[in-house]
Amino acid sequence: MSQDPWLQNYDATCRLAQEIAENIHERNRQQRTGGNPAKINMTLRASLQKLKQNIAQLKDGLLRASSSRRVMQSEADRRQNLIDDLLTREKQLNATFKGDITEPEPSRSTLMAEGAGTSHGIAANPWLVNETEETRGLNFGEIKQQQQRIIEAQDAGLDALAAVISRQKIMGQEIGNELDEQNEIIDDLAHLVDKTDDRIRNETRRVKLVETKSASCGMLVVIVLLLIAIVVIAVWPV
């Protein structure tokens, strides 16, 4: 089953926020090492503007879904909380980009949230995920590799599920074909029974007709014999 479009947009917005955080980290690293961050600053400005637009689209989509009652009130409240978290994150990123505050540290937990993915259609909030012992001490590259392995395992599970569904579909089609053949056989038997019934009725009528004719012939013989007896008696000398 496909994921809710709103949740897909939310996941994409979370990934964009994570990308911005990583770019800010890289921009700050270049500044510390004497590099020229002009190009990455341009990218960051465009990404921050895109993040703002995505959050506005999420708010608009939630408003439409709530007004048309496509989502329950509890789900609408949960999504509003996710949007509020995104707005807070956007403010933090803008402040960090401008240098008003130091670079935040939610990026590792964000990566782990993305690795965990979503469950039962509920989008994970990447800034509320605590780092586990499995990822503590790993760098970004190692966390991404771990995340990729999780995604590959999920893909393998989905492929296996798709294969099972495909086999069930084939079995269903075969059962449907067999039922069609059985229905054809039943129709043929019903037609044969109808023809046999008609023949039985015809033969029954013929038997009754023969019985009627036989009875008539018997009566005729009796009458002839009586006539002969009468004639013999009449001519027999006394």
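**Entry: Arg201 and its partner**

I began with Arg201, which is partly exposed because its relative accessible area is 43%. I then looked up which residue meets Arg201 in a salt bridge, and found Asp198, with 3.4 Å from N to O. I count a salt bridge when a side-chain nitrogen of Lys or Arg is within 4 Å of a carboxyl oxygen of Asp or Glu. Asp198 comes out at 42% relative accessibility, so I noted this residue as partly exposed too. Asp198 and Arg201 are about one helical turn from each other, because they are 3 residues apart in helix H5.

**Entry: what I am looking at**

A note to myself: this is a predicted model, so local features need pLDDT of at least 70 and side-chain atom pairs count only at pLDDT 80 or more, while totals for chains, interfaces and linings use all residues. Residues are numbered from 1 along each chain as its sequence is written, and side-chain values use heavy atoms, leaving out hydrogens and water.

**Entry: the overall picture**

I counted 5 helices and 0 strands in the protein. Helices here are DSSP runs of H or I with at least four residues, strands are runs of E with at least two, and both are numbered from the N terminus. Followed along the sequence, the pattern reads α-α-α-α-α. The protein has 238 residues, and 25% of them count as buried.

Taking contacts between residues at least 6 apart in sequence, 68% join residues at least 24 apart.

How many salt bridges does a search of the whole structure find? The search gives 6.

Arg29 is partly exposed because its relative accessibility is 35%. Glu26 has a relative accessible area of 26%, so I put this residue in the partly exposed class as well.

In helix H2 (residues 38-67), Asp60 and Arg64 lie 4 residues apart, about one turn of the helix. Their side chains form a salt bridge at 2.0 Å, N to O. Asp60 counts as partly exposed because its relative accessible area is 37%, and Arg64 does because its value is 46%.

I also noted a network of salt bridges that links Asp4, Glu75, Arg78 and Arg79.

**Entry: an aromatic pair**

I paired rings of Phe, Tyr and Trp (its six-membered ring) if their centres lie within 6.5 Å; planes under 30 degrees apart count as stacked, over 60 as edge-to-face and the rest as tilted. By this rule I get 1 aromatic pair. Trp6 and Tyr10 form a stacked pair because their ring centres are 5.9 Å apart and their planes are at 5°. Both sit in helix H1 (residues 5-32), with 4 residues or about one turn between them. Are Trp6 and Tyr10 buried or exposed? I found Trp6 buried, and Tyr10 as well.

**Entry: two buried residues**

Asn41 sits in helix H2, and it is buried because its relative accessibility is 13%. Leaving aside residues up to four places away in sequence, Asn41 touches Arg27 and Phe97.

Thr96 belongs to helix H3 (residues 73-98). At 3% relative accessibility, Thr96 is therefore buried. Thr96 and Ile24 are 72 residues apart along the chain, yet their C-alpha atoms are separated by 7.6 Å.

**Entry: a record to compare**

UniProt, in an unreviewed entry, lists residues 41-68 as "coiled-coil region". In the model, that span is 96% helix and 0% strand, with its end C-alpha atoms 41 Å apart.

How values were computed. UniProt positions renumbered as here; feature names shortened; annotations may be inferred. Buried < 20%, exposed > 50% of the residue type's maximum accessible area, 1.4 Å probe, protein only. Contact = heavy atoms within 4.5 Å.
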